[in-house]
Amino acid sequence: MSGIWRQVLAAYTTDQHDERDREQLLALGAAELAHARSSEGRPASAEDVQHIALQEFGLLISITQARSALRERRTRRG
């Protein structure tokens with residue numbers, strides 16, 4: 001399991017993080033899933049991230065949070 005998924009799992013299942021950090025980590029996890037589920041010709045969108053955050057984590061995030069998570073995901077990947 002990669003480092004980000006350990007953090008996402010901890011954010012989802014424990015009270016280890018404050019609410020802001022928890023939301024940010026779960027949004028990043030949603031961005032990872034959106035990227036993994038996107039088709040090759042179409043990159044993941046902020047709306048995809050929002051949908052996945054809600055469906056997978058029960059988290060309603062703003063479009064700004066979703067865009068930020070996508071940018072961070074791209075930065076982490078190089």
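Trainee: What makes the reach of α3 close to the expected 16 Å?

Mentor: Helices are DSSP runs (H or I, at least four residues), numbered from the N terminus, as strands are runs of E with at least two. The expected span is 1.5 Å times one less than the number of residues. Helix α3 has 12 residues and reaches 16 Å from its first C-alpha to its last, close to the expected 16 Å. Helix α2, with 19 residues, reaches 27 Å, which is close to the 27 Å expected for it.

Trainee: On what basis are these positions given?

Mentor: This is a predicted model, in which local features need pLDDT of at least 70 and side-chain atom pairs count only at pLDDT 80 or more, while totals for chains, interfaces and linings use all residues. Residues are numbered from 1 along each chain as its sequence is written, and side-chain values use heavy atoms, with hydrogens and water left out.

Trainee: Where is confidence lowest, and where is it highest?

Mentor: The term pLDDT denotes the predictor's confidence in each residue, from 0 to 100. The protein chain averages 88, and 96% of the residues score at least 70. Confidence is lowest in α1, at a mean of 78, and highest in α3, at 96.

Trainee: Why is Gln55 called exposed?

Mentor: Buried means under 20% relative accessible area, exposed over 50%, and partly exposed in between, with a 1.4 Å probe and protein chains only. Gln55 has 53% relative accessibility, so it counts as exposed. Gln55 belongs to helix α3, and its C-alpha lies 9.5 Å from that of Ala30, 25 residues away in sequence.

Trainee: Which residues of α3 are buried, and how do you know that they line one face?

Mentor: The buried residues in α3 are Ala46, Val49, Ile52, Ala53 and Phe57. Viewed down the helix axis, the buried residues of α3 fall within an arc of 120 degrees, so they line one face. The arc is taken from the directions from the helix axis to the C-beta atoms. Just after α3, Gly58 has a positive phi of about 65 degrees.

Trainee: What makes a group of residues a nonpolar core?

Mentor: A nonpolar core is a set of buried Ala, Val, Leu, Ile, Met, Phe, Trp, Tyr and Cys residues joined through side-chain atoms within 4.5 Å. The largest such core here has 22 residues, and Leu26, Ala30, Val49, Phe57, Ile61 and Leu70 touch the most other members. Two or more residues come from each of α1 (3-13), α2 (19-37), α3 (46-57) and α4 (63-77). The largest share, 8 residues, is given by α2. In soluble globular proteins, nonpolar side chains tend to be buried together.

Trainee: Which residues does Leu70 contact beyond its neighbours within four places in sequence?

Mentor: Contact means heavy atoms within 4.5 Å. Beyond those neighbours, Leu70 contacts Ala31, Ala44, Ser45, Ala46 and Val49. Ala69, in helix α4, touches Ala27, Leu28 and Ala31 when residues up to four places away are not counted. At 4% relative accessibility, Ala69 is buried.

Trainee: Why is the pair Glu32 and Arg73 called a salt bridge?

Mentor: A salt bridge requires a side-chain nitrogen of Lys or Arg within 4 Å of a carboxyl oxygen of Asp or Glu. The closest N and O atoms of Glu32 and Arg73 are 3.6 Å apart, and the pair forms a salt bridge. Glu32 lies in α2 and Arg73 in α4, so the pair ties together parts 41 residues apart in sequence. Glu32 is buried at 7% relative accessible area, and Arg73 is buried at 9%.

Trainee: How many salt bridges does the structure hold?

Mentor: The structure holds 5 salt bridges. Among them, Asp48 and Arg42 meet at 3.1 Å, N to O. Asp48 is partly exposed, with 21%, and Arg42 is partly exposed, with 41%. Arg76 and Glu72 also meet in a salt bridge, at 3.0 Å. Both lie in helix α4, 4 residues apart, about one turn of the helix. Arg76 is partly exposed at 44%, as is Glu72 at 24%.
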